Amino acid sequence: MSDDADSTAPAPRDNAYLLGHDAAGQAFLSAWQTGRMAHAWLLSGPRGIGKATLAYRIARFVLAQGAAAAGPDLFGATPAPSLQMAESHPVFAKVKSQGHPDFRSAEREKMKTSERLSAVVTIEQIRKIIEFMYLTPAESAWRVVLIDDADAMNAAAANAVLKVLEEPPRQSMLILVAHNADRLLPTIRSRCRRLELRPLVDSQVQALIGRYRPDLVPRDVQALTGLADGSVGRALELAEEGGVDLFAALVDLFGDLPTLKAGKLHALADVTLRGDNYRTVTALLTWWLARVATLAAQGRLTDAQELLPGERAAAAKLAAAPARLAEIWQGVSHLAERTLALNIDKKRSFIAAALQVAKAAA
């Protein structure tokens, strides 16, 4: 998660708070209570909605079953199981510090040459956790392994996971978290109990932005909620990257369509040269083009919430031909990917992308 100098959204491993996804959590607890536990669970859904946070909740719950179980209350009734766990609980503390003897995780790691994450989860990472799954539990009744970004496993890693799923070790549980489950092998998907998580609703996104970024003004919170598409992770990343101001600059630029004013175009193109702004600006642009094309094709453009003043008017200038706009979206997306992959001149690339958008409005 993104953070700033004053507030930080905890990593899923450290986060005791989850908003939304009650149905998915209850589905797991129902399976637990009825004794119909799967040895493998697949949590899938869009990026940044809380999948990994829920996965860690499930992992901690299972690991805690080896600890002292909750006894009857004052009236002799056994408390209903809950995935909620206090941060003071010893299992929570051990998982957070990566010191629980019955838990291991794998995820994309930071590259040695930069702060960016590697593109894949490797076979070396998977081999380590597979060996661990065959050991006898030390403190809990179960051994639990969590693979985040499971859809980023390379072919060798995916095949290794498949072999484990074909003959799962006793008292072991594998939890897979995937942003795009269709990228996983069909044979992996078919051997997992699947929990499909949906995007958060706007009120939930706003509540989480308020929790993690209380410094933001209402205008930015409202804009980030619209830009987030139900992903608080995306909202927080955009907040850190100045996404609202960058999107406002895009709206201002395309408010002049079908022409582009040279001064605005070159000023925004210069902004893309700073830090990681090119990636943020082009991601916002491609997202907006897809949004406009979808709303226009559905005839809902005039009913959709305006993200910033002037955004609806700019969108209307592009909405006459949704199919043509979809082609422009594809071209701009491809150009942005090539620019980042091949280190092409970012200013020229952004200007070319903007000119493609202008053609759609001509």
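Me: How many salt bridges does a search of the whole structure find?
Reply: This is a predicted model, where local features need pLDDT of at least 70 and side-chain atom pairs count only at pLDDT 80 or more, while totals for chains, interfaces and linings use all residues. Residues are numbered from 1 along each chain as its sequence is written, and side-chain values use heavy atoms, with hydrogens and water left out. A salt bridge here is a side-chain nitrogen of Lys or Arg within 4 Å of a carboxyl oxygen of Asp or Glu. Searching the whole structure on that basis gives 14.

Me: Which parts does the salt bridge of D102 and R143 tie together, and how many residues apart in sequence are they?
Reply: The two side chains meet at 3.3 Å, N to O. D102 and R143 are both buried (under 20% relative accessible area; exposed is over 50%, partly exposed in between, with a 1.4 Å probe and protein chains only). D102 sits in the loop between helix 3 (90-96) and strand 2 (103-106), and R143 is in strand 3 (residues 143-147), so the bridge ties together parts whose separation in sequence is 41 residues. Helices (H or I, at least four residues) and strands (E, at least two) are DSSP runs, numbered from the N terminus.

Me: Is D220 buried or exposed?
Reply: D220 pairs with R219 in a salt bridge, closest N and O atoms 2.9 Å apart. R219 has 41% relative accessibility, so it counts as partly exposed. D220 is at 17%, so it counts as buried.

Me: Why is the pair of F28 and F61 called edge-to-face?
Reply: Rings of Phe, Tyr and Trp (its six-membered ring) pair if their centres lie within 6.5 Å; planes under 30 degrees apart are stacked, over 60 edge-to-face, the rest tilted. F28 is in helix 1 (residues 22-33) and F61 in helix 2 (residues 51-64), so the pair links parts 33 residues apart in sequence. Their centres are 6.1 Å apart, and the pair is edge-to-face because the planes are at 85 degrees.
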